[in-house]
Amino acid sequence: METRANFVLIGVFTLLSALSLLGFGLWAAKFSSERNWQLYQVVFTEAVTGLSVGSPVQYNGIAVGSITDLELDPHDPRKVIAQLRLNASTPVKTDTQAKLAISSLTGPPIIQLTGGSPQAPRLVDSSRQAVPQITTAPSALQNISATANRIVERMDQILSDANVASISTTLQHLETISGNLASRDQGTQALLISARDAARKLETTLDTTNTAIGRLDRDLVQQLPPLLDKLDTTLTKLDSAAGNADGILGENRAAINSFANEGLGQLGPTLTELRGLIGDLRQVTERLENNPAGYLMGRETPKEFDPQ
């Protein structure tokens, strides 16, 4: 009995030791895991379609962790809370931002971390929350979605019933105009031929005009030296005549002064006498016209008898 009791005690001790070792190993593994990973939280204010638990998280294109949980904010269902598990060595700074991105054209969306200046402190050291929260930035997916929605709204406005009817009417008018142009094709061709002929005539006229102008320029250039010589000769003669006139005036300056002083003084009475003589001559002329015989013979014209 004692031997069997000893075996039982030894078995119990061995089992307890194994359980203790297993618990210590699990604790050590959990402690090691907690030291190698850091939890973060991201709150999105946009739809996260395609994002799921286990989706990768990249920092400037490098995989640094994954998403461990996705849930709606119980106080504001417009927000989505994502729990991230990142490598503890990932330099997440206070100015690091998270946004939705796609790794390829056909790949699922991921969370992309960007920013983080060297002088900014680490978010883990600055945050007072149990799980530090990374700020978010508008994603390209959100911009594309918003742009697509605006384009669809604009297209809906453009393709309204009224605009479609207007476009149909415009197309009908264009078809009518095209038919009229086709029916007037011959007239248009004739007009183009006339315009071509007019252009040719105008070109010929311009060539003739250019030739005439060229000849005129050559004749003018040829005749210009003789004309300049004649002009020079004429100016020389005029200069000589001016010199002679100046000499004559200088030689007769005394006589001219005497005439201006004395002759002009006698000119007034002479003009008065000449005016009287002209008056007498006018009277003589009138008498000769009225009664030339009586004036010349010294008799008056007899008066005619007027019987009553």
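1. Burial is stated on one scale: buried means under 20% relative accessible area, exposed over 50%, and partly exposed in between (1.4 Å probe, protein chains only). The model is predicted, so local features need pLDDT of at least 70 and side-chain atom pairs count only at pLDDT 80 or more, while totals for chains, interfaces and linings use all residues. Residues are numbered from 1 along each chain as its sequence is written, and side-chain values use heavy atoms, with hydrogens and water left out.

2. The structure contains 1 salt bridge, a term that requires a side-chain nitrogen of Lys or Arg within 4 Å of a carboxyl oxygen of Asp or Glu. Arg78 and Asp76 form a salt bridge, with 3.0 Å between the closest N and O atoms. Asp76 counts as buried because its relative accessibility is 16%, whereas Arg78, at 67%, counts as exposed.

3. Arg85 places its charged end over the ring of Trp37, 4.4 Å from the ring centre. The criterion is NZ of Lys or CZ of Arg within 6 Å of the ring centre and within 35 degrees of the ring normal.

4. A barrel is closed by 7 strands in the order E1-E4-E3-E2-E6-E5-E7, with mixed pairing. Strands are DSSP runs (E, at least two residues) numbered from the N terminus, and two of them pair if DSSP finds at least two bridges between them.

5. Strand E1 (residues 37-44) pairs with strand E7 (residues 133-136) in the parallel sense over 2 bridges. Gln41 has Gln133 in E7 as its bridge partner.

Definitions and conventions
Helices (H or I, at least four residues) and strands (E, at least two) are DSSP runs, numbered from the N terminus.
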